[in-house]
Structure formats: structure tokens, C-alpha cells
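Work through the exercises below with the model open. Try each task before reading its solution.

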Amino acid sequence: MPRSGALLLVCLALLGLYLATWPVPVDPVAWEAPEDQGLTGAFAVNDPLAAASAIDLGAHEGPEDVAVGHDGALYASVASGTIVRIDRESGQVSEFAHTGGRPLGIESSPDGSLLVANGYLGIQRISSLGEVTVLLDAMDGEPLAYPDDLAVASNGVIYFSDASTKFGALAWKGSYEASLLDILEHGGHGRVIAFDPRSGDARVIVEGLNFANGVAISADDRFLLIAETGTYRILRHWLLGPDAGTTEVIIDNLPGFPDNINNGEDGRYWVGLIAPRDSKLDGLSDKPFLRKVVQRLPAFLRPAAVPSSHVIAIDGDGNVQMSLQDPGARYPAMTGVCETGQRLYLTRLFGHELPYLGKAPLQQTGQ
């Protein structure tokens with residue numbers, strides 16, 4: 001055999017050994033992904049979000065979530081760790097508070113403050129003066145790995161998702177980077193925690209989730225809705241009534257990865273589909289060894305979020321009321337919606353080249 005041929009065989013053998021044995025952080029679990037029906041039926045392709053306009057946030061990218069404050073202004077959590085205030089009438093943007101870390105979910109609290117799920121630092125409260133206090137950063141002596149989204153009950157109890165106890169946002173140098181690992185592994189490391197800041201009591205109420213993400217609470221505090229991103233579904237967990245403590249699936253086999261859940265008006269719950277499903281990833285769902293091989297490939301060859309602009313509105317039983325899209329994905333990586341009156345504010349995880357918050361009049365969405 002020519003020397004060049006022998007060298008090629010050695011290189012191929014070393015490559016095969018690397019792909020089969022090199023240590024990686026994931027230990028994939030086999031599961032059966034449901035057959036993707038794509039953008040059909042209630043999710044048929046449309047374009048109402050193509051008419052969205054932009055609120056320029058200047059140097060602030062990645063408005064992952066937005067809440068309406070008690071003063072009527074919008075407050076957005078951005079990638080720099082800042083909470084920016086947006087005047088709804090003038091569109092003026094100003095820096096309101098500096099949380100550090102990566103603030104993700106944000107909600108207005110009954111006491112007039114803002115509550116933030118900071119993916120790096122825990123659950124935070126921000127006073128009307130912009131003063132930041134950490135309310136919870138550990139449970140049972142272990143730091144919270146990935147606080148993601150939250151909802152607050154009328155009695156002040158905070159319900160929040162800890163997206164992954166294994167792949168923490170800070171430990172893996174980013175919320176997106178950690179999410180890719182958790183979703184590829186599908187190991188059930190996500191959970192939802194109930195936290196009472198008055199007593200300091202915190203307890204897990206739902207666990208074993210594959211990337212626990214968006215959380216919303218019903219207007220009467222009877223149930224939570226929870227986005228399980230890695231399994232393409234929305235869960236309902238009962239807080240009150242005869243089914244209290246139980247969890248059920250209300251909609252599954254979504255055409256994308258569900259992210260935030262936010263309360264809208266008239267009983268609506270808005271869900272952002274941050275990216276469409278990946279047929280290659282679904283095809284490997286029952287092949288854990290090959291998923292581990294995928295993690296050994298260069299980053300540009302691994303599954304990643306495809307640009308998409310898609311949000312849906314459901315009721316408390318999971319019935320789809322609206323599915324709104326922009327085929328041109330002018331606001332990609334769309335995490336969700338903040339509905340205020342006749343406007344929808346469209347939130348996003350990242351986008352260095354587009355530091356904008358989308359805004360669409362509700363009447364342009366077919367309502």
C-alpha cells in the first residue's frame with residue numbers, strides 16, 4: 001500500500017475513534033419524537049407579523065421578555081444584564097436597572113416591583129427606584145442553575161422554571177448554549193419551583209421536564225401553564241381544586257420549540273416558538289449514541305436554531321386561538337409576546353445586527 005494510502009487509513013481510524021469515544025458533556029436518553037406535521041392546520045403559513053414595526057433599543061440587544069410596569073411603561077430584559085424602560089407613547093428607551101448576569105423572564109408584582117428570573121443569578125426583585133435585590137439563588141444548599149421564566153400569584157407566591165439543573169446558563173456561558181445541550185440530551189433535568197418570598201419557603205412542584213421554559217398563571221390562580229421546550233408541548237399544572245398537584249399535557253406536537261408563555265387578554269396565553277423543529281434532531285431522538293456523536297462534531301455542523309418568527313395564542317385548555325408568523329423572519333428567535341390593549345410587543349433572545357423590539361397592532365393579526 002502506498003504511504004499516502006496508509007496515512008489516510010490512520011487518519012480515518014483516528015477520526016472514527018474520536019467520534020466514537022471523545023468525552024462530551026451530554027449523555028443522551030432515547031425517546032420517540034412525535035411526527036412533525038409542520039405548518040399545517042391551525043399553524044398554516046401566514047404573514048401578519050410581516051407588518052410589525054421596530055422599537056430601536058440602541059445598544060441593547062436580545063429583549064428576551066417584556067412586562068408592563070405599574071407606571072404603564074414597558075420593561076424589557078436584555079442580554080447585557082440591563083432592564084430597559086420603554087415609554088409606550090413616545091418609544092423613548094432608557095436604562096432602568098442593572099441586574100448583572102442574564103435576565104430572562106420578567107413580571108410585574110402585585111406590590112409594584114418587578115420580578116426577574118436571572119439565568120445566572122437567581123430570582124431578583126427590582127424596586128420602583130431600580131434597586132435590585134436577590135430573593136433566591138439556591139435551594140437545599142445548591143445554586144439555582146438556570147432560572148428561566150416566572151409567574152406571580154395574587155398572594156405574592158412566585159412560580160418559576162429552573163430550565164436545567166445539569167446544564168446551567170452561567171456554567172455553559174450562555175442561556176442559548178446551555179439549552180442546546182439540555183435539549184440534545186433530553187435527560188429530564190428541568191423543574192418548576194414555588195417560592196414564597198415572605199416565608200423564604202421554596203419547593204419543587206414539577207420535575208423531570210425536558211428544558212422547562214415559559215411559565216404563566218391563570219387569572220384566578222387555579223393553574224400554571226408550562227412550556228416544555230425539548231418535548232414540543234405545553235403542560236397545565238393545577239394549583240387549586242380537586243386536581244391540585246397534578247400535571248397534564250394540554251397541547252403537544254407543536255411545530256416549533258415553545259419558549260415564553262405570557263398572559264394576554266380575554267383568557268389568551270401567548271407562546272413564542274423560538275425556532276422550527278429540526279427533522280435531523282427528531283430523527284435521532286431514539287438514537288442516543290448518534291446524538292453523542294453529533295456533539296463531537298464542529299459546532300457549525302450541530303443542530304442550531306433556524307431563523308423564524310412565529311407566535312401562537314392558546315386558551316387554558318390548549319386550544320389554538322391564533323398563529324401569527326412572518327415567513328421573512330425579520331425578528332428571528334422570537335421568544336414570545338407582551339399584549340397590551342391593541343398592541344403586541346414581540347420579544348427575542350438575540351440578534352446582534354437587529355437590536356429591536358417588534359411591535360404589531362393587534363388588528364393586523366386578524367382580530
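Predicted model: local features only at pLDDT ≥ 70, side-chain atom pairs only at ≥ 80, totals over all residues.

**Exercise 1. Find the salt-bridge partner of Asp162 and work out which parts of the chain the pair ties together.**

Step 1. Look at the side chains. Asp162 meets Arg191 in a salt bridge, at 3.0 Å from N to O.

Step 2. Asp162 lies in strand β13 (residues 158-162), and Arg191 lies in strand β14 (residues 190-196), so the bridge ties together parts 29 residues apart in sequence.

Step 3. Check burial, with the cut-off at under 20% relative accessible area. Asp162 has 0% relative accessibility and counts as buried. Arg191 has 17% and also counts as buried.

**Exercise 2. Trace the salt bridge between Arg236 and Glu248, then find what else is linked to this pair.**

Step 1. Take the distance. The closest N and O atoms of Arg236 and Glu248 are 2.9 Å apart.

Step 2. Assign the strands. Arg236 is in β18 (residues 233-238) and Glu248 is in β19 (residues 247-251), so the pair ties together parts 12 residues apart in sequence.

Step 3. Compare with the burial classes. Arg236, at 10% relative accessibility, is buried. Glu248 has a relative accessible area of 31% and is partly exposed.

Step 4. A network of salt bridges links Arg236, Glu248 and Asp317.

**Exercise 3. Decide whether helix α2 is largely enclosed or open, and identify what covers its buried residues.**

Step 1. Count burial. In α2 (residues 175-185), 8 of the 11 residues are buried, so the helix is largely enclosed by the rest of the structure.

Step 2. Name the buried residues. They are Ser175, Ala178, Ser179, Leu181, Asp182, Ile183, Leu184 and Glu185.

Step 3. Find the cover. It includes strands β6 (103-108) and β20 (256-263), along with helices α3 (279-283) and α4 (288-295).

Step 4. Inspect the end. His186 follows α2, and the phi of His186 is positive, near 55°.

Definitions and conventions
Residues numbered from 1 in each chain as written. Heavy atoms only, no water. Salt bridge = Lys/Arg side-chain N within 4 Å of Asp/Glu carboxyl O. Helix = DSSP H or I, 4+ residues; strand = E, 2+ residues; numbered from the N terminus. Buried < 20%, exposed > 50% of the residue type's maximum accessible area, 1.4 Å probe, protein only. Contact = heavy atoms within 4.5 Å.
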